[in-house]
Amino acid sequence: MQEMKADVEGMKTGMQEMKADVEGMKTDAAGMKHGMQGMNTNIADMKFGMQEMRVDIEGVRASVQEMRDDAVGMKDSMQEMRANVKGMTSEMQEVKSEVQKLQIDVKELKDRVINIELTVENEIRVNIQRVAEGHLDLNRKLNEYVKLALDVDAKQEMQDMYIKMHDMKLKAMA
């Protein structure tokens, strides 16, 4: 019996150890359960985060699409600008050509003006001086003729007076 008692006591001790182990396992299971709940919360948070990321990714996709559309619009605008620049380049070439023609025309006009100035200086001025000199001579001669005419008028008046006087004497004698 002692042996049985010892066996029962060993069994009791084993049972208490098993009980302690089961309690430890229960605590561990409760900890694991709590840990699982934390993991579930974390997984739910991750799902929510993933959902937010999906929404953000959709927003990014929409933004990227807008950027692509804008890039296409910019590309079209650039093509238009290139065409406009080519047109302006062509017009500038035309303007440059016309300016060169105008410069040639201005040069020709300057040459003609210089020739006209030279003609005025060399020919017309000399002729004007000749006319002025001739006018001066004519003016002097005119002054002389006017003086002579005045002298003739004065003499004629005197002669008219002599004729009247002689005419009166002849009438008185007659």
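This is a predicted model: local features need pLDDT of at least 70, side-chain atom pairs count only at pLDDT 80 or more; totals for chains, interfaces and linings use all residues.

User: With which residue does Arg-140 form a salt bridge?

Analyst: The term requires a side-chain nitrogen of Lys or Arg within 4 Å of a carboxyl oxygen of Asp or Glu. Here the partner of Arg-140 is Asp-137, and the closest N and O atoms are 3.2 Å apart. Asp-137 is partly exposed, because its relative accessibility is 38%.

User: How many residues apart are Arg-140 and Asp-137 in helix α1?

Analyst: Helices are DSSP runs of H or I with at least four residues, strands are runs of E with at least two, and both are numbered from the N terminus. Arg-140 and Asp-137 are three residues apart in helix α1, so about one helical turn separates them. Helix α1 covers residues 2-173, and the protein chain has one helix and zero strands.

User: How many salt bridges does a search of the whole structure find?

Analyst: The search finds five, including the pair of Asp-111 and Lys-107, whose side chains meet at 3.4 Å, N to O. Both of these residues lie in helix α1, four residues apart, or about one turn of the helix, and Asp-111 is partly exposed with a relative accessible area of 33%. Another of the five joins Lys-171 to Asp-167 at 4.0 Å, N to O. Lys-171 and Asp-167 are four residues apart in helix α1, so they too are separated by about one helical turn. Lys-171 counts as exposed at 62% relative accessibility, whereas Asp-167 counts as partly exposed at 37%.

User: Which residues form a nonpolar patch on the surface?

Analyst: Patches are made of residues with over 30% relative accessible area and no salt bridge, like charges being joined within 9 Å and nonpolar side chains (Val, Leu, Ile, Met, Phe, Trp, Tyr) within 5 Å. Areas come from the Shrake-Rupley method with a 1.4 Å probe, and for residues only the protein chains shown count as cover. The patch here consists of Ile-116, Val-120, Ile-124 and Ile-128, with about 350 Å² of accessible area together. Ile-128 is exposed, because its relative accessible area is 52%.

User: What radius of gyration does the protein chain have, and what would a compact globule of 174 residues have?

Analyst: The radius is taken over C-alpha atoms, and the globule rule is 2.2 Å times the number of residues to the power 0.38. A compact globule of 174 residues would have a value near 16 Å, but the protein chain has 69 Å. Its C-alpha trace spans about 230 × 40 × 25 Å along the principal axes, and buried residues make up 0% of the 174 residues. For a pair of residues in this chain, Met-67 and Leu-142 are 75 residues apart in sequence and 101 Å apart in space, C-alpha to C-alpha.

Conventions:
Residues are numbered from 1 along each chain as its sequence is written. Side-chain values use heavy atoms; hydrogens and water are left out. Buried means under 20% relative accessible area, exposed over 50%, partly exposed in between (1.4 Å probe, protein chains only).
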